[in-house]
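Student: I have a model open in my viewer and I'd like to learn how to read it. Can we go through it together?

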Amino acid sequence: MLWTTLPRVMLLLLFFFFSLVLVAYLVKPLRSFFQSDMSLGASKAVVQVLCRPVTQTGYSEYLVNSSDLTLHSTFQVKCVKKKPPRHRHSIRCSSMLLSQLRRIHQLRPMGVSLVNYMNYSGSWLQTCKCQQSESASGITAGDGNGAWFVNNIETSNSVNNLANAKSIIEFQDVQQLKQEKVLTSKIANGTIPDSFSIEEEAWDLLRESIVHYCGSPIGTIAAKDPTSSNVLNYDQVFIRDFIPSGIAFLLKGEHDIVRNFILYTLQLQSWEKTMDCHSPGQGLMPASFKVRTVPLDGDDSATEEVLDPDFGEAAIGRVAPVDSGLWWIILLRAYGKCSGDLSVQERIDVQTGIKMILRLCLADGFDMFPTLLVTDGSCMIDRRMGIHGHPLEIQALFYSALLCAREMLTPEDGSADLIRALNNRLVALSFHIREYYWIDMKKLNEIYRYKTEEYSYDAVNKFNIYPDQISPWLVEWMPNKGGYLIGNLQPAHMDFRFFSLGNLWSVVNSLATMEQSHAILDLIEAKWSDLVAEMPFKICYPALEGQEWQIITGSDPKNTPWSYHNAGSWPTLLWQLTVACIKMNRPHIAAKAVEIAERRISRDKWPEYYDTKRSRFIGKQSRLFQTWSIAGYLVAKLLLTDPSKANILITEEDSELVNALITANPRGKRGRKNLKQTYIV
Ligand code: GLC
């Protein structure tokens with residue numbers, strides 16, 4: 001028996017061995033083909049072939065040839081071949097396409113998501129259902145009333161770090177029982193609105209704002225205002241607006257929507273995008289996108305869904321959204337930290353996406369400053385408001401994106417230069433902002449006594465600021481205790497307005513020093529009636545008025561004084577305020593603001609912004625049921641309930657950076673010979 005079966009077994013083993021050798025032989029070249037396809041700049045040839053039919057103006061062929069597109073762009077360009085111009089920019093999802101792509105994907109395991117969607121959507125739909133039913137009743141014991149929460153945090157001054165968060169909650173539990181009786185009567189007589197029901201309502205509204213693509217949740221609509229006849233682009237998913245939504249879902253344990261958002265927007269990143277025959281740099285992320293249902297090619301009876309991004313080519317004012325890519329990197333890190341799923345950030349296409357954003361931001365230009373040079377309206381304030389140049393908000397997001405990217409980039413050959421540039425920029429940027437953007441009473445007095453026209457390497461007044469620029473309002477407004485980072489710095493120009501997002505985010509990411517961060521919160525407390533008043537939080541302070549408003553905004557009727565971007569109040573800023581306060585162990589400040597918002601935000605139907613100096617009116621053209629007002633409130637509540645979760649957004653000061661700052665400190669005496677830095681700091 002043994003003698004008869006042995007040769008058969010040996011034959012089988014031999015066959016098995018040869019199969020293995022054959023597979024290894026075939027797989028190697030395939031893998032190297034895909035890897036090279038994924039790398040930056042390697043897909044040119046593919047793109048050249050595939051893009052030719054798209055040519056319309058005669059320019060696009062040339063423009064596309066100069067692009068660095070990745071694997072997903074190959075697919076994008078391929079599937080838009082036969083489409084009319086408007087839809088050239090869309091990802092589409094149809095059954096035919098999905099089956100084609102499944103084949104591509106099977107060969108290219110790193111390819112993004114239409115196919116991934118096919119592979120995981122079934123299981124997602126199931127999880128989605130149970131998550132939804134879970135969260136419908138998902139109000140935790142900590143989700144108490146705002147006023148009660150303020151009291152507890154104020155009395156728990158012993159909170160020294162985030163690790164103590166647990167004891168806060170235990171303390172709250174005890175306090176909750178004690179105060180329940182008082183609270184019930186306050187709610188009953190209408191002194192305090194019931195925060196349980198506000199939160200419940202907010203979750204319902206947030207879920208209603210979810211946008212699906214091919215059955216998967218991929219984002220949230222900007223506003224779902226049934227009272228507004230002019231939708232404009234508020235029916236789109238805005239990248240920046242989705243950040244608080246994404247964080248709220250992450251904190252609630254619903255990770256899929258964020259994962260999908262990250263991967264689909266990544267696909268949009270490397271689009272062929274043009275405005276009047278001009279293409280912006282590769283790596284740009286859209287401001288927003290829309291899911292459109294269009295007739296299927298060649299089959300009028302069927303429809304398909306397409307993702308249609310807007311990079312500013314349709315946006316009012318045609319502004320390029322510089323902040324989108326920066327926020328995308330910040331959300332990617334938060335997703336990894338919160339879900340524990342690092343596989344997304346480790347994917348080759350995601351790594352490539354990060355690098356494309358970095359390359360775009362770190363590219364050499366004419367600028368002498370380490371700050372990012374941008375046009376007006378390139379961030380949350382997305383129309384003319386005199387924030388061109390080096391606005392603080394962009395610098396704060398840029399700094400965060402650099403830090404987060406450094407944490408997530410996997411070391412590999414070829415990225416050493418990028419990492420070096422990134423590290424250099426972090427040091428230079430940090431020094432520049434801390435040194436030249438900071439003002440408090442002391443610094444203001446220095447500026448007041450500045451000498452001008454100093455031609456030398458050791459000039460004290462490096463930017464030639466004329467002391468007369470110090471506006472009369474600032475002399476009155478600056479508190480004795482506290483300070484802030486100014487809005488913008490240009491040659492002979494300091495924009496002294498207080499911009500909230502830039503200041504708050506500089507606290508969150510440690511761009512501001514510890515002392516500066518505390519001083520910013522001190523200023524917020526000292527100027528509470530200006531910055532919070534009846535609804536948190538002023539987008540900037542003060543408003544541009546009169547001739548200044550005419551010249552700087554171009555007499556913009558939407559940005560009239562104390563309205564909209566011109567010192568209007570935006571409830572969404574509550575979440576950034578909360579993260580900043582938690583980072584500095586002063587959560588009671590945020591809790592107080594949340595309590596103020598709760599008094600009217602739900603009753604006012606979750607407006608986008610409020611007007612007037614004391615934020616008394618719902619904004620003139622404000623949308624109602626604005627998603628990021630809803631999500632911002634929820635994030636603030638969730639984080640105040642569990643402050644340790646703020647870690648997914650916070651970046652602590654890095655000791656390497658501090659050491660580099662000390663060694664590189666250009667404040668010491670230096671002559672031309674000593675000036676070795678790449679950037680002027
Ligand atoms: C407004 C805001 C912008 C926001 C958009 C959608 O344009 O200025 O920051 O992203 O509305 O809500």
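**Reading the ligand site and some local features**

Tutor: Let's begin at the ligand: a polar side-chain atom of histidine 565 lies 2.7 Å from one of the ligand's oxygen atoms. The protein covers 96% of the 300 Å² of accessible area that the ligand has on its own (Shrake-Rupley method, 1.4 Å probe; for residues, only the protein chains shown count as cover). Keep in mind that this is a predicted model, where local features need pLDDT of at least 70, side-chain atom pairs count only at pLDDT 80 or more, and totals for chains, interfaces and linings use all residues. Residues are numbered from 1 along each chain as its sequence is written, and side-chain values use heavy atoms, with hydrogens and water left out.

Student: Which residues are around the ligand?

Tutor: A residue is near a molecule if one of its heavy atoms lies within 4 Å of it. Here the residues around the ligand are Ala222, Tyr234, Phe238, Arg240, Asp241, Met380, Asp382, Tyr564, His565, Glu608, Gln626 and Trp628. By class, that shell has six nonpolar, two polar and four charged residues (Ala, Val, Leu, Ile, Met, Phe, Trp, Tyr, Cys and Pro count as nonpolar, Asp, Glu, Lys and Arg as charged, and the others, Gly among them, as polar).

Student: What lies 2.5 Å from an oxygen atom of the ligand?

Tutor: That is a polar side-chain atom of aspartate 241. Methionine 380 uses its backbone: a polar atom there is 2.6 Å from a ligand oxygen.

Student: How do I read a contact inside the protein, say the one that the side chain of glutamate 598 makes?

Tutor: A polar contact is a pair of N or O atoms within 3.5 Å; within protein, one must be able to donate a hydrogen and the other to accept it, and residues adjacent in sequence count only if both atoms are side-chain atoms. In this model, the side chain of glutamate 598 makes one with the side chain of lysine 637, at 2.9 Å. Glutamate 598 is in helix H24, residues 587–598 (helices, H or I with at least four residues, and strands, E with at least two, are DSSP runs numbered from the N terminus).

Student: Why does glutamate 598 count as buried?

Tutor: Buried means under 20% relative accessible area, exposed over 50%, and partly exposed in between (1.4 Å probe, protein chains only). Glutamate 598 counts as buried because its relative accessibility is 3%.

Student: Where should I look for cis peptide bonds?

Tutor: Check omega. The bond from proline 536 to phenylalanine 537 is cis, with omega near 10°, and phenylalanine 537 sits in the loop between helix H21 (528–531) and strand E10 (540–541). Another cis bond runs from tyrosine 541 to proline 542, with omega near -5°; proline 542 is in the loop between E10 and helix H22 (546–553).

Student: Serine 555 and serine 615 have positive phi. Is serine 555 buried or partly exposed?

Tutor: Serine 555, with phi near 55°, is partly exposed because its relative accessible area is 33%. Serine 615, with phi of about 50°, counts as buried because its relative accessibility is 0%. Serine 615 is in the loop between strand E11 (610–611) and strand E12 (617–618).
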